[in-house]
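Here's a protein to get to know, one spot at a time. Have a look at the picture first, then read on.

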Amino acid sequence: LRPAQDVENAYAEKVRFRARRQAQYRRLRNKPSVTKDGVEFSLQMNAGLLVDLPHLAEAGAAGVGLFRTELQFMVASSFPRMREQQAQYEQVLDAADGKPVTFRSLDIGGDKVLPYLRSIQEENPAMGWRALRLGLDRPGLLRTQIRALLKAAAGRDLKLMFPMVADVSEFVRARELVEKELKHLRRHNHAVPEKIRLGVMVEVPSLLFQLDELLAQVDFVSVGSNDLFQFFCAVDRGNTRVADRFDTLNIGFLRALKQIIDKANAAHVPVTLCGELAGRPLEAMALVGLGYRDLSMSPASLGPIKAMLRSLDAGRLSARLLPRLEPGHPEANIRDFLKRYASEMDVAL
Ligand code: PEP
Ligand code: MG
């Protein structure tokens, strides 16, 4: 009864996915995600509940690029215990059947209120006591989750990223918690993951100015374009009066996204983009032009994005797009340019 908005969205998405599972996308399922000029892509899917996992095979995703662990907490009536968390993560990894899964530590707090967790009134919950901030201030919560993940991934690979990092030192503290838990498990002769990779969601603009330090610390990054855009343009993503006020393909934002991919490539740090931009064909086209090669999206978007990629020449698009991001270029409307380009070049949108 009365599910939280995110849970409702997750189920609405499932319904949309079923409805859109059209034959033309189904026949693309086992085809490679490669552009006309041979550039290979990794298309992963976003998930948050066990019921999402069958979409991995159905949609032909390369893995789960973002597993939103808070959904388990939002559908529960009391705080899931360590064993329940562990069981869920084990089932997710089993269902993924060897495909990579990137777990994200709890992104609760702010507007994602858990009825059984005492919440405080905040003027600006999106910028309040949420996600990793809460985890670092209440390390018991985060350590329990980390322990559950480490145990669930025993003998397998664990990929874990932290949300809402605004300063590199927060990641360093989170990593210390992982190391503590690992030590604890080893001391008690528990099996631990074969390999652990720790990453950060780039979704707070302050990180754009700490990329060198960040990239020197992390194993991977994932761009959370939903929050990054919200904070970049100071528009509440949930407020319909302003959410669409600025174009997500505005030059400033695209320059920021380009800086992330360029720096990550130079530092040889893998980067995924897992916000909604990745699942919209025209926007994803812009990402291709900027140099993104690893995208994670809702399962329903995999078919349309793959169709777009397979009809696109990535090199040619980059050559046309990148000069438009330079200051002083006469055509500043990137969305119009991309639409025109897609129609001229017969890109499937
Ligand atoms: C994002 O912010 O882009 C993101 C992927 O995370 P969420 O939508 O869960 O905040
Ligand atoms: Mg986010």
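Predicted model: local features only at pLDDT ≥ 70, side-chain atom pairs only at ≥ 80, totals over all residues.

**Helix α12 and its partners**

Next up is helix α12, which covers residues 281–290. Its axis comes within 10 Å of the axis of helix α15 (residues 334–344), and the two cross at roughly 95 degrees. Because of that angle, α12 counts as roughly perpendicular to α15. From the α12 side, Leu 282, Glu 283, Met 285 and Ala 286 take part in the contact. Facing them in α15 are Arg 335, Leu 338, Lys 339, Tyr 341 and Ala 342. What kinds of residues make up this contact of α12 with α15? Six are nonpolar, three are charged and no polar ones take part.

Now look at α12 together with helix α14 (residues 314–321). Here the axes come within 8 Å and cross at roughly 85 degrees. So α12 is roughly perpendicular to α14. On the α12 side you'll find Met 285, Ala 286, Val 288, Gly 289 and Leu 290. They meet Ala 314, Leu 317, Ser 318 and Leu 321 in α14. This contact of α12 with α14 has seven nonpolar residues, two polar ones and no charged ones. If you compare the residue lists, Met 285 and Ala 286 turn up in the contact with α15 and again in the contact with α14.

**A polar pair: Ser 298 and Glu 13**

Ser 298 lies in the loop between β8 (294–297) and α13 (299–310), and Glu 13 lies in helix α1 (residues 5–20). What joins their side chains? A polar contact of 3.3 Å does. Ser 298 has a relative accessibility of 17%, so it counts as buried. Glu 13, at 18%, counts as buried as well, because the cut-off for buried is under 20%.

Who else do they touch? Leaving aside neighbours within four places in sequence, Ser 298 is in contact with Glu 13 and Asn 46.

Leu 93 is part of helix α5 (residues 82–96). With a relative accessible area of 10%, Leu 93 is buried. Not counting residues up to four places away in sequence, Leu 93 touches Gly 98, Val 101, Phe 103, Ala 152, Ala 153 and Arg 156.

Pro 80 is found in the loop between α4 (70–75) and α5. Its relative accessibility is 4%, so Pro 80 counts as buried. With residues up to four places away in sequence left out, Pro 80 touches Gln 72, Phe 73, Gln 85 and Tyr 116.

Each of these residues can also be paired with one much further along the chain. The table gives the C-alpha distances.

| Pair | Separation along the chain | C-alpha distance |
|---|---|---|
| Leu 93 and Ala 153 | 60 residues | 7.5 Å |
| Pro 80 and Gln 145 | 65 residues | 9.6 Å |

**Positive phi angles**

Finally, a look at backbone angles. Ala 131 is not a glycine, yet it has a positive phi of about 50 degrees. Where is Ala 131 placed? It is in helix α6 (residues 131–137), and with a relative accessible area of 3% Ala 131 is buried.

Asp 346 has a positive phi too, near 55 degrees, and it is also a residue other than glycine. Asp 346 is in the segment after α15. Is Asp 346 buried or exposed? At 64% relative accessibility, Asp 346 counts as exposed.

Methods: Residues numbered from 1 in each chain as written. Chains lettered and ligands numbered in written order. Heavy atoms only, no water. Axes fitted to C-alpha atoms, helices over the stretch in contact; angles between N-to-C directions. Helix = DSSP H or I, 4+ residues; strand = E, 2+ residues; numbered from the N terminus. Parallel < 35°, antiparallel > 145°, perpendicular 65-115°, else oblique. Contact = heavy atoms within 4.5 Å. Nonpolar A, V, L, I, M, F, W, Y, C, P; charged D, E, K, R; others polar. Buried < 20%, exposed > 50% of the residue type's maximum accessible area, 1.4 Å probe, protein only. Polar contact = N/O pair within 3.5 Å; in protein donor to acceptor, adjacent residues only side chain to side chain.
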